[in-house]
Amino acid sequence: MAKTLFEKVWDLHQVVPETADTPAVLFIDLHLTHEVTSPQAFTLLREQGLPVRRTDLTFATMDHSTPTTTDQIFGGVPIKLASARGQVEQFARNCAEFNVELLGLQNEKRGIVHIIGPEMGLTQPGKTIVCGDSHTSTHGAFGALAFGIGSTEVGHVFATQCLLQRKAKTMAINVEGALAPGVTAKDLILAIIHEVGVSGGTGHVIEYRGSTIRALSMEERMTVCNMSIEAGARAGMIAPDDTTFAYLEGRERAPQGAAWTTAVAGWRELVTDEGATFDREVQIDATKIQPMITYGTHPGMSIQVSGHVPVRDGDAVFAQSLAYMGLNAGQAIAGAAVDVVFVGSCTNGRLSDLIATADILRGRKVAPGVQMLIVPGSQQVKRAAEALGLHTVFAAAGAEWRESGCSMCLGMNGDTVAKGQYCVSTSNRNFEGRQGVGSRTLLASPLTAAASAITGRVTDPRTLLA
Amino acid sequence: MEPIRILHSRTVVMAATNIDTDQIIPARFLTTTTKEGLGAQLFADWRYDAAGTPKPDFILNQPASQGCQVLVAGRNIGCGSSREHAPWALVDYGFRAVVSTEIADIFRNNSLKNGLLPIIVDAATHQWLVANPGAEVTVDLQHCELGLPDGRKVLFPVEAFARFCLLNGTDEMGYLLKQGTAIAAYEASHGQQRSRTTA
């Protein structure tokens with residue numbers, strides 16, 4: 001029978017198939033863990049006297065509550081935020097006690113969990129990958145089945161390397177046509193979420209397909225899959241191809257030598273068969289997509305940067321959202337004042353994002369009164385950017401260049417946006433208070449974020465691109 | 001986990017759509033390393049002003065909401081972050097059921113594991129519940145029925161195994177640990193295909 005990519009990966013990981021009374025027991029190939037959603041799971045192990053069953057399939061980093069200033073990472077200055085310090089220290093103790101490999105605070109490869117998995121070659125086609133973090137969907141860019149879980153399930157995977165799961169429905173998002181210059185993968189996924197809606201993917205695993213997707217680099221594919229959860233989907237997947245294999249080949253934890261050849265041969269089977277059907281299909285014309293930005297308080301509330309805030313009379317929730325944002329129905333979003341610009345996160349914290357940012361900043365200055373924070377997704381991204389001299393471009397423009405972490409995406413580590421301030425952010429969520437109490441977030445691409453930093457106003461990056 | 005069989009409670013209505021888990025429990029409270037005590041921070045930014053004083057117009061600060069176990073929320077509650085701190089906070093506060101027309105996947109999953117019953121109802125029932133805040137309802141998990149004050153019984157779906165666990169107050173861990181033989185057999189037969197995290 002013809003199968004979708006998701007169904008193939010699902011079938012290969014069923015330890016016990018599902019029945020009417022019981023979910024499937026699904027084997028997990030890679031369990032990524034971090035300091036915020038694991039403590040309660042380690043406690044569960046301790047209470048029940050259980051070990052981590054497969055330490056060889058478990059990998060830990062610290063990213064969410066870690067500081068991004070160099071003095072607190074390498075300068076001997078203790079983590080200033082006491083609660084974060086306690087969490088980081090406990091995580092290190094937990095990993096040591098349960099023999100889990102951890103990239104500690106000063107490790108040269110530490111970074112955001114969804115950046116380092118691919119970067120180290122841990123993320124591979126056909127794997128089942130989980131993490132106590134909803135943006136685990138990022139890893140689906142490699143043709144893995146990757147999804148976020150809660151802390152109770154983190155405990156289940158620690159103890160049994162398995163999860164109880166009901167099979168999800170499938171959704172194909174078919175994207176055709178070339179993206180115009182200045183239009184990025186971030187604009188594409190914002191446009192997709194706008195089309196599907198923030199709950200349109202609920203209960204589904206998305207497969208992104210079509211010529212546009214095939215033409216994307218791996219870093220761009222990761223940006224797309226990363227925000228699948230923002231459409232409500234459990235996971236987003238892209239079938240592996242030569243782009244995928246070229247990215248992975250030679251990475252330290254990817255198969256090497258003869259094992260690599262064998263692995264690639266198997267991975268080439270991980271495509272949706274001709275004639276396989278999806279529960280739902282959506283068509284997207286990529287040629288019509290323009291630079292996008294959000295104006296409201298969920299990621300589906302987006303418009304073209306050249307567009308106007310919609311008018312929805314009689315919609316109280318919509319009105320409340322605009323009141324929170326301090327924006328008016330009908331106003332042009334371009335030209336709206338900006339206080340802070342954040343480039344980073346598991347959505348847009350990779351080298352290509354920093355190169356795009358530098359392309360706009362080079363030879364220009366961040367507008368007076370605007371704070372621009374550039375936070376690399378990992379320490380390896382940081383060094384790669386510095387090898388290209390990007391840090392000098394950022395410094396010359398007046399932007400702050402930090403150590404890696406989740407940082408201002410969710411403000412857990414103290415990198416926050418002040419009440420009432422506007423932040424054009426390359427992250428993934430514009431929820432109320434996401435970047436700090438009372439913060440106002442406008443999600444956009446690194447190009448749009450950088451252009452807005454230069455003018456101090458929401459700006460279509462195409463006006464600054466040579 | 002406390003078993004759920006029958007709940008009798010008045011409802012609290014928060015009709016806003018897309019109430020995300022960042023609202024249910026803001027990220028700055030996630031540096032905790034335990035599950036306990038999060039009820040105090042439930043909906044913190046909607047519930048308290050900058051000085052930490054309860055905002056009188058917020059629904060949970062009103063006398064009629066006290067002691068209610070059933071939260072009626074707008075479509076797509078629990079979207080966003082996978083933080084299980086969201087159901088921990090709701091349960092610690094005293095809620096045992098969340099009713100909506102749509103509930104986000106990860107939040108629904110996490111809720112089922114913590115004795116918080118996610119109840120999906122049709123639009124008409126939801127509309128009635130939103131229009132009648134404080135209604136005295138009965139949640140009967142044995143029969144998967146939501147009883148309304150006028151005697152109507154509305155059926156709701158619950159995944160069979162999760163229902164079993166909720167009715168008995170048991171965790172899924174015990175069931176998973178009993179699959180040890182099957183897991184070992186799977187590992188033995190698939191070992192060659194698995195690439196370890198270590199190089």
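Predicted model: local features only at pLDDT ≥ 70, side-chain atom pairs only at ≥ 80, totals over all residues.
The domain assignment of chain A places domain 2 at 169–247 + 266–287 and domain 3 at 291–463. Domain 1 covers 5–165. Taken over C-alpha atoms, the centres of domain 2 and domain 3 of chain A lie 23 Å apart.

About 1700 Å² is buried between domain 2 and domain 3 of chain A. Carbon and sulfur atoms give 58% of that area. On the domain 2 side, A:Lys186, A:Leu190 and A:Glu219 lose the most area to domain 3. Together they account for 30% of what that side buries.

Polar links also cross this interface. There are 10 residue pairs in polar contact, both at pLDDT 80 or more. The rule finds one salt bridge between domain 2 and domain 3 of chain A. A salt bridge also joins the side chains of A:Glu230 and A:Arg429, at 2.6 Å from N to O.

Now the interface between the chains. Here 72 residues of chain A are in contact with 57 residues of chain B. The area buried between chain A and chain B is about 5200 Å², with 57% from carbon and sulfur atoms. Five salt bridges cross the interface. A salt bridge pairs B:Lys113 with A:Glu153, whose closest N and O atoms are 3.5 Å apart.

Several elements of chain A give two or more residues to the side that touches chain B. The helices are listed here.

| Helix of chain A | Residues |
|---|---|
| H2 | 39–48 |
| H4 | 82–97 |
| H6 | 151–160 |

Strands contribute too: S1 (14–16), S2 (24–27), S4 (58–61) and S8 (162–165) of chain A. Which element gives the largest share of the chain A side? H6(A) does, with seven residues. The chain A side divides into 28 nonpolar, 27 polar and 17 charged residues.

Conventions. Residues numbered from 1 in each chain as written. Chains lettered and ligands numbered in written order. Heavy atoms only, no water. Domains from an automatic or database assignment. Buried area = accessible area lost by both parts, 1.4 Å probe. Salt bridge = Lys/Arg side-chain N within 4 Å of Asp/Glu carboxyl O. Polar contact = N/O pair within 3.5 Å; in protein donor to acceptor, adjacent residues only side chain to side chain. Contact = heavy atoms within 4.5 Å. Helix = DSSP H or I, 4+ residues; strand = E, 2+ residues; numbered from the N terminus. Nonpolar A, V, L, I, M, F, W, Y, C, P; charged D, E, K, R; others polar.
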